[in-house]
Amino acid sequence: MASFFRRQPKASKEHEIPADLWEECPGCRQLVYGKELESELWVCNKCGFHFRLTVWQRLQITADPGTFIEWDRELPIHDPLEFPDYRAKLEEARAKTGMTEAILTGTCAIERIPIGIGLMDLSFVGGSMGWAVGERVARLMERSAEEGMGVVVFCASGGARMQESLVALMQMAKTSGAAGRLAAAGLPYISVLTHPTYGGVTASYAFLGDVILAEPGAAVGFAGPRVIEVTNLKMPPGVQTVEFQYQHGMVDLLVPRKEMRETLGRILRWCTENGRE
Ligand SMILES: [Zn+2]
């Protein structure tokens, strides 16, 4: 099996923190040493703030080493409206992140259980969902169903991709249908909400998991806070946090990053042993 370490992006790693530098924590404003941060899985040990991860960092702390194989990397660029500068923006995002779209999909093992996995990255055009993201998610669900594996998706998205207009919105139906096919095959789907998850992704596969987990401190919602502000609707404080959603039954469990891998392993093992109810 190909090691995912060999699939690391060749280009710049804008959001990765060099290990020998001090970094100011956005949560508590204190300085954290880079190497220490890495050993703490990029969680501030002073205030618990969860730093944003690249998909490669996420794989490193989640998958069994050397088990990741990417699927559908070569899907073509889809530009139905020939939107100005869109192709250039995608090429730039590809060079910056080492990904070909805002979601990386494939297969790996977590605690020796083989699964289909999807990982989204906000640094690729805001983690937005166009045709290629929807197609990758749908193929991930369908292929995993065929191969008898459950699916884990780490969500992070600004919503549907405006450059693809209605085609982007149609991905909500496509991915929801694919999640239904995974369910019909009796296989589990675990969605993990990470900061931030918004819009069309929230309104489709992010909230369709049989089990919905979330990293503490993540913002989730449909419309963003600025959109809500202009509607003048009165919202309870903290409505767009996973903590609020957990208190109101929309999220099953808040899982600190250090416990995520083990929690996923436990749920997947339970599903493997007991089947889907
Ligand atoms: Zn902190």
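## A first look

Of the 277 residues in this chain, 42% count as buried. Keep in mind as you explore that the model is predicted.

How big is the chain overall? Its C-alpha atoms fill a box of roughly 50 × 45 × 45 Å along the principal axes. A compact globule of 277 residues would have a radius of gyration near 19 Å, and the chain agrees with that, since its value is 18 Å.

Contacts tell you how the chain folds back on itself. Among contacts with a separation of 6 or more, 69% are between residues 24 or more positions apart.

## The nonpolar cores

The largest nonpolar core has 63 residues, and those touching the most other members are Met 141, Cys 155, Val 192 and Leu 193. Helix H4, residues 131-147, gives the most to this core, with 8 residues. There is also a second, separate core of 6 residues, which includes Val 32, Leu 37, Trp 42 and Val 43.

Leaving aside residues up to four places away in sequence, Leu 193 touches Cys 155, Ala 206, Ile 212, Ala 214, Ala 218, Val 220, Val 242 and Val 251.

## Helix H2 under cover

Now turn to helix H2, residues 55-62, which is mostly covered, with 6 of its 8 residues buried. Which residues of H2 are buried? They are Val 55, Trp 56, Gln 57, Arg 58, Leu 59 and Thr 62.

Conventions:
Residues numbered from 1 in each chain as written. Predicted model: local features only at pLDDT ≥ 70, side-chain atom pairs only at ≥ 80, totals over all residues. Buried ≥ 20, exposed ≤ 12 C-beta atoms within 10 Å, placed from the backbone. Helix = DSSP H or I, 4+ residues; strand = E, 2+ residues; numbered from the N terminus. Rg over C-alpha atoms; globule rule 2.2 N^0.38 Å. Contact = placed C-beta atoms within 7 Å. Core = buried A, V, L, I, M, F, W, Y, C linked by C-beta atoms within 7 Å.
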